[in-house]
Every structure is written in C-alpha cells, then in structure tokens.
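Reader: I would like to learn how to read this structure. Please take me through it feature by feature.

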Amino acid sequence: MAGQVTSAAEELAGLIAASDRVVALTGAGVSVPSGIPDFRTPGKGLWAKVDPMAVATIDAFHSDTKRFWDFYRPRFHDLADKEPNPAHTVLAELERRGRLDAVITQNIDRLHRKAGSEDVIEVHGSIATASCTSCGESYPLEEVESLFDADGVATCRGCAGKVKPDVVLFGELLPADAMARAEQLCSSADLLLCIGSSLEVHPVAGLPGLTLAHGGRIAIITRSSTPYDSDAAVRLDGDVAEDLQAVLAGLDG
Ligand code: ZN
C-alpha cells in the first residue's frame with residue numbers, strides 16, 4: 001500500500017480547514033503546561049491536601065469567610081502570575097485567522113484572554129473580578145488585595161459587605177448567560193475541539209453531545225479518557241501544547 005501516512009494532528013488540521021464553524025471547549029489540561037495543576041490528578045492537584053467541600057463551597061464562603069480567604073488568597077496570587085503556554089497561543093492564533101469562532105472554558109485562570117483569545121466564554125467564571133455579595137460592586141483582581149480587613153476578609157469599600165471572587169463555587173449554579181451561549185455555540189458547531197478536559201463534569205459534559213446531535217463532529221485532545229472517545233472523529237492524547245502546535249503546523253503545511 002502506498003497510501004500517505006497521515007498523523008492525527010494533520011488529520012485534525014484537515015478537519016479544521018474543512019469546517020465552517022469551529023469551537024473549542026477547554027478544561028484544566030490546557031493550563032497544566034503553565035504550571036497550574038489539574039486538581040483531578042491524584043496527589044498533585046490543588047485539592048490534594050484539602051477537602052474542597054469544606055472550603056470551596058458557597059456555604060463555606062458565607063459561614064466561614066475568613067477560612068475561605070485564607071485558602072484562596074495565596075492561590076489567587078499564584079494564579080495571577082501564571083502565563084499562557086503554546087496551547088493557549090495556538091487557539092488565539094486560530095481565532096485570529098478566522099478558523100475558530102470561540103473558546104468555551106472551564107478554567108478560571110484568564111489565560112485564554114492573556115494569550116489573545118477574544119471570544120472566551122468562562123462557564124466557571126474567572127478570577128479577573130470579584131463582587132460584593134451585598135451591593136454587587138465589582139472589583140478587578142488587582143484591587144482585591146486592597147480590600148482585606150484585619151481579619152483577612154475581603155470587604156466592600158462602599159457597603160462593607162463580603163466580596164466574593166466571580167468564580168463558580170461548589171453549590172452555585174453556572175452563570176446562565178454563559179451556559180446559554182456555550183450551548184448555542186455547541187449546537188451549531190461543525191467541529192468541537194475538546195481540549196484538556198475529561199468531559200465528566202456536568203453540565204459542561206453535555207456540550208459535546210449537542211454538537212454530535214446536530215451532525216457536527218468532535219475532536220478530543222487530552223491525555224485522560226473521556227466518555228466521548230468512541231464518538232471522536234480524531235483523538236490526540238499526547239502533550240496538549242505539542243499536539244496543538246502540530247495541528248497549527250498542519251494548517252500551515
Ligand atoms: Zn458592597
């Protein structure tokens with residue numbers, strides 16, 4: 001057989017080139033090369049030494065706000081200093097070239113925007129801002145540090161209410177407008193790139209099903225197995241940054 005050997009990355013580049021409406025759905029795996037561990041990786045993640053249900057819940061925020069911030073304050077500092085990696089950069093470049101309509105992300109780290117992606121739907125919120133739970137006043141991340149009182153609780157300048165990061169905590173609903181936009185994008189995508197997500201956390205886990213249901217295709221670029229592996233038109237399971245760089249190179253070639 002003299003057929004040309006086509007790598008999965010080249011195959012995906014071909015799919016992207018042949019699709020009109022391409023959307024990306026990203027999870028924690030996209031930010032791992034930026035030094036942000038995936039909390040589902042056993043023993044290495046953010047939650048390895050803490051019970052998330054004890055701190056990262058909306059009930060914990062209200063019942064023990066000091067403990068909540070004791071946990072989150074250093075983590076926000078740490079996240080704020082992280083930089084995008086080539087996986088983020090490739091997605092920003094695809095958007096710039098008109099090959100990618102939008103990025104739907106489960107990540108709160110702002111790195112897609114830092115990399116230059118413009119249409120980013122943050123379904124779990126973002127550390128970019130925090131809001132007063134009493135009056136709704138919004139504060140940029142850079143100002144949050146100045147809001148802490150002597151007890152270590154971020155407090156609204158206007159009304160002295162509790163200020164909460166605009167990230168979705170356990171026990172909170174996902175932002176309705178962001179989820180509606182994500183569903184609309186996935187329902188009309190020709191190709192959904194599922195990147196660095198195990199696609200197990202609902203309701204985001206249902207999004208690839210919307211693309212498949214209307215006859216679109218999905219590509220899966222992640223190391224872990226997912227419930228959609230057998231539905232994927234292409235499956236890449238190497239280093240996410242290297243895989244995406246190879247896809248971009250395939251588009252150039
Ligand atoms: Zn307030």
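Reader: Leaving aside neighbours within four places in sequence, which residues is Leu193 in contact with?

Author: Contact means heavy atoms within 4.5 Å. For Leu193 the partners are Leu12, Ile16, Val22, Val23, Ala24, Leu25, Leu100, Ala219 and Ile221. A caution on sources: this is a predicted model, where local features need pLDDT of at least 70, side-chain atom pairs count only at pLDDT 80 or more, and totals for chains, interfaces and linings use all residues. Residues are numbered from 1 along each chain as its sequence is written, and side-chain values use heavy atoms, with hydrogens and water left out.

Reader: How many residues does the largest nonpolar core have?

Author: In soluble globular proteins, nonpolar side chains tend to be buried together. A nonpolar core is a set of buried Ala, Val, Leu, Ile, Met, Phe, Trp, Tyr and Cys residues joined through side-chain atoms within 4.5 Å. Buried means under 20% relative accessible area, exposed over 50%, partly exposed in between (1.4 Å probe, protein chains only). Here the largest core has 27 residues, and Leu193 is among those with the most contacts inside it. Helix H10 gives the most, with 6 residues. Helices (H or I, at least four residues) and strands (E, at least two) are DSSP runs, numbered from the N terminus. A second, separate core of 25 residues includes Leu79, Ile127, Leu147 and Phe148.

Reader: What is the strand order of the open sheet?

Author: Two strands pair if DSSP finds at least two bridges between them. The 6 strands run S3-S2-S1-S7-S8-S9, with parallel pairing. Strand S3 (120-122) and strand S9 (234-236) are the edges, each pairing on one side only. Strand S2 (residues 102-105) is joined to S3 by 3 bridges. Val103 stands opposite Val120 in S3.

Reader: Which strands does helix H10 touch?

Author: H10 (residues 240-252) packs on the sheet against S7, S8 and S9. Its direction makes about 130° with that of S8. Axes are lines fitted to C-alpha atoms, for helices over the stretch in contact, and angles run from 0 to 180 degrees between N-to-C directions.

Reader: Which protein atoms are donors of the zinc ion?

Author: Donors are N, O and S atoms within 2.8 Å of the metal (3.2 Å for Na, K and Ca); water is not among the atoms, so sites may look incomplete. Here the SG atoms of Cys132, Cys135, Cys156 and Cys159 lie 2.3 Å from the zinc ion. Along the chain their spacing is C-x2-C-x20-C-x2-C.

Reader: Is Cys156 buried or exposed?

Author: Cys156 is buried, at 4% relative accessible area. Cys159 is partly exposed, at 36%.
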